[in-house]
Amino acid sequence: MTAAARVLQLLVERGETLAVAESLTGGLVAAELTSVPGASHSFRGSVTAYATALKRDVLAVDGALLAAHGAVDPEVARQMATGVRRVLGADWGLSTTGVAGPEPQDGKPVGTVYVAVAGPDGTEKVVALRLNGDRADIRTESVRSVLELLSGELGEDASAQDTEQNGGN
């Protein structure tokens, strides 16, 4: 069973819903989720906020934070997850932001990624990733990592990570 199928099954069992805010993954998390038959039972939708202004205007990420630190920041990831949860009316929100390459962004090296989850009862967690590989590898590993983060928060995987990790090739 794929990570997407696992989290969707857990959400259905719990009677909960999910929304996703994506930047560097550009819709890949939503595509992975919607590839699972029956995803509509728990997946509400997604916002692909590639432009920084959309993070601010649609997801309510603090404009001063974006101006000071850029879009690749752990607090931006957290605010994206809470923002999409609110905007799309979901129990859980996921987010991805980072640098897939080929060039650094906002002073952050390629492979710097933050994934976040926000859920009921004030649940919030951000994971910093330092990924290797090309653009496709970094984006693919970001999708896997954010789905595993949610899986851990849903109680499926007791080894959910809350520290910096290394991944990719």
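Colleague: Which side chain does Lys 125 meet in a salt bridge?

Modeller: Glu 153, with N to O at 2.9 Å. Keep in mind that this is a predicted model. The pair links distant parts of the chain: Lys 125 sits in strand E5 and Glu 153 in helix H6, 28 residues apart.

Colleague: Is Lys 125 buried or exposed?

Modeller: Lys 125 counts as buried, because its relative accessibility is 18% and the cut-off for buried is under 20%. Glu 153 is at 22%, so it counts as partly exposed.

Colleague: How many salt bridges does the structure hold?

Modeller: It holds 7. One of them joins Arg 6 and Glu 148, whose closest N and O atoms are 2.4 Å apart. Arg 6 is in helix H1 and Glu 148 in helix H6, 142 residues apart. Glu 148 is buried, at 14% relative accessible area.

Colleague: And what does Arg 78 pair with?

Modeller: Glu 124, at 3.1 Å, N to O. Arg 78 is in helix H5 and Glu 124 in strand E5, so the bridge ties together parts 46 residues apart in sequence. Arg 78 is partly exposed at 22%, and Glu 124 is partly exposed at 39%.

Colleague: Switching topic. Which residues make the nonpolar surface patch of about 190 Å²?

Modeller: Leu 54, Val 58 and Val 87.

Colleague: Where does Val 58 lie?

Modeller: In the loop between helix H3 and helix H4. Val 58 has 33% relative accessibility, so it counts as partly exposed.

How values were computed: Residues numbered from 1 in each chain as written. Predicted model: local features only at pLDDT ≥ 70, side-chain atom pairs only at ≥ 80, totals over all residues. Heavy atoms only, no water. Patch = residues over 30% accessible without salt bridge, like charges linked within 9 Å, V, L, I, M, F, W, Y side chains within 5 Å. Areas by Shrake-Rupley, 256 points an atom, 1.4 Å probe, with all protein chains shown as cover. Salt bridge = Lys/Arg side-chain N within 4 Å of Asp/Glu carboxyl O. Helix = DSSP H or I, 4+ residues; strand = E, 2+ residues; numbered from the N terminus. Buried < 20%, exposed > 50% of the residue type's maximum accessible area, 1.4 Å probe, protein only.
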